Amino acid sequence: MWCHRLSHLQSSLQDLLRGRVICSALQQPSFNSLFPLAVHWHHTASKYPNCAWQQHEDHFELQYANTVMRFDYVWLRDHCRSASCYNSKTHQRSLDTASVDLCIKPKTVRLDETTLFFTWPDGHVTRYDLDWLVQNSYEGQKQKVVQPRILWNAEIYQQAQVPSVDFQSFLETNEGLKNFLENFLLYGIAFVENVPPTQEHTEKLAERISLIRETIYGRMWYFTSDFSRGDTAYTKLALDRHTDTTYFQEPCGIQVFHCLKHEGTGGRTLLVDGFYAAEQVLQKAPEEFDLLSKVPLKHEYIENVGECHNHMIGVGPVLNVYPWNKELYLIRFSKEKQNMVSRQWSSSLQSSSPESTLIYYCYLISETSNEYRESHL
């Protein structure tokens, strides 16, 4: 009897949330007694921003800035920015997440201009700015681009005529550093000219950008075609299109190259925008893009030369995307360091094989190559 009644009331509640319940159903005393939190929308007065919210049993729904957002009550309590819950000097939470009741609900919710106030069962009050909620909501993050970029091929980059930055301006002025960083963040590459050909000046330049990372080669290192290390970069063989340190669990984000001395012929620099190539894959074959962003590949570096004995393995997909907005942020691509592709993925994913997809990506990489610079970096 009770099971049947509860089942009926649960169905009625679901219909209510979908807007299918007729008015007479809302007058049933048994429904209201079992569900004292009647679900209804709250709207702001016309002088305030267009905002409406609704309290559900397990989450809070907010309509603001042309966005419908859903917040779990535990999340709202846990992210409270009050002085007792958040240290504004260290930007770290003080509240113990484990102490928050998983079934917590606010006693009251009110809006004062652009600030929402949640009063919790213990009397604690949490306040949130509406714009802060949009910026930190899952729905808001899906609409937000983390890093704006200008995608390019040889023609686009040549037409853009991106200026280089003089070394002294880069080192001594904020404007020079700003120009360099703007170019780098938008295009993925940037150039500094008139750098004295020494490791010391190169290190000064690198430290102006960020901290220098320790690696198996050191922080700063020379390399030439003497095969002093077990890597193709230390030979006279040409290096095809690739990204470096794919065998690190976290590949390097910024690399600085400086040609200190050049004798003979060869050594041209080949530059490719892998993000442009990835966008071509996404537009022409979205299922292949999905495959490249989901299948983890093993990249391996094995070195036994002289006193250098290293074996490093990095695992990750070729294309790394943010899960909330599918924005590409990292490419791990090196045919030389790539280990064999596991055959199990071919049957587990309803798409082309990883091998054929990688070949297709290699083709698009070659199509977007940019050999506009004849000089040596």
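Mentor: Please note that this is a predicted model. Let us begin with a salt bridge, in which the side chains of lysine 294 and aspartate 290 meet at 3.2 Å, N to O.

Trainee: Which helix holds lysine 294 and aspartate 290?

Mentor: Lysine 294 and aspartate 290 are four residues apart, about one turn of the helix. Aspartate 290 has a relative accessible area of 34%, so this residue is partly exposed. Both residues of the pair lie in helix H11 (residues 286-294).

Trainee: How many salt bridges does a search of the whole structure find?

Mentor: Side chains of opposite charge can pair when their charged atoms come close. A salt bridge requires a nitrogen of Lys or Arg within 4 Å of a carboxyl oxygen of Asp or Glu. Searching the whole structure for such pairs gives a total of eight.

Trainee: Which residue forms a salt bridge with aspartate 78?

Mentor: The closest N and O atoms of this salt bridge are 3.3 Å apart. The pair links distant parts of the chain, 15 residues apart: aspartate 78 is in helix H3 (residues 73-78), and the partner is in strand S6 (residues 92-93). That partner is arginine 93.

Trainee: Is aspartate 78 buried or exposed?

Mentor: Buried means under 20% relative accessible area. The relative accessibility of aspartate 78 is 6%, and therefore this residue counts as buried.

Trainee: In the salt bridge of glutamate 61 and arginine 70, what is the N to O distance?

Mentor: Glutamate 61 counts as buried because its relative accessibility is 9%. Arginine 70, at 46%, counts as partly exposed. Their side chains meet in a salt bridge with an N to O distance of 3.9 Å.

Trainee: Which residues make the nonpolar surface patch of about 310 Å²?

Mentor: One of them, phenylalanine 223, lies in the loop between helix H9 (199-209) and strand S12 (271-272). Phenylalanine 223 counts as partly exposed because its relative accessibility is 43%. The patch is made by Phe223, Phe257 and Trp221.

Key
Residues numbered from 1 in each chain as written. Predicted model: local features only at pLDDT ≥ 70, side-chain atom pairs only at ≥ 80, totals over all residues. Heavy atoms only, no water. Patch = residues over 30% accessible without salt bridge, like charges linked within 9 Å, V, L, I, M, F, W, Y side chains within 5 Å. Areas by Shrake-Rupley, 256 points an atom, 1.4 Å probe, with all protein chains shown as cover. Helix = DSSP H or I, 4+ residues; strand = E, 2+ residues; numbered from the N terminus. Buried < 20%, exposed > 50% of the residue type's maximum accessible area, 1.4 Å probe, protein only.
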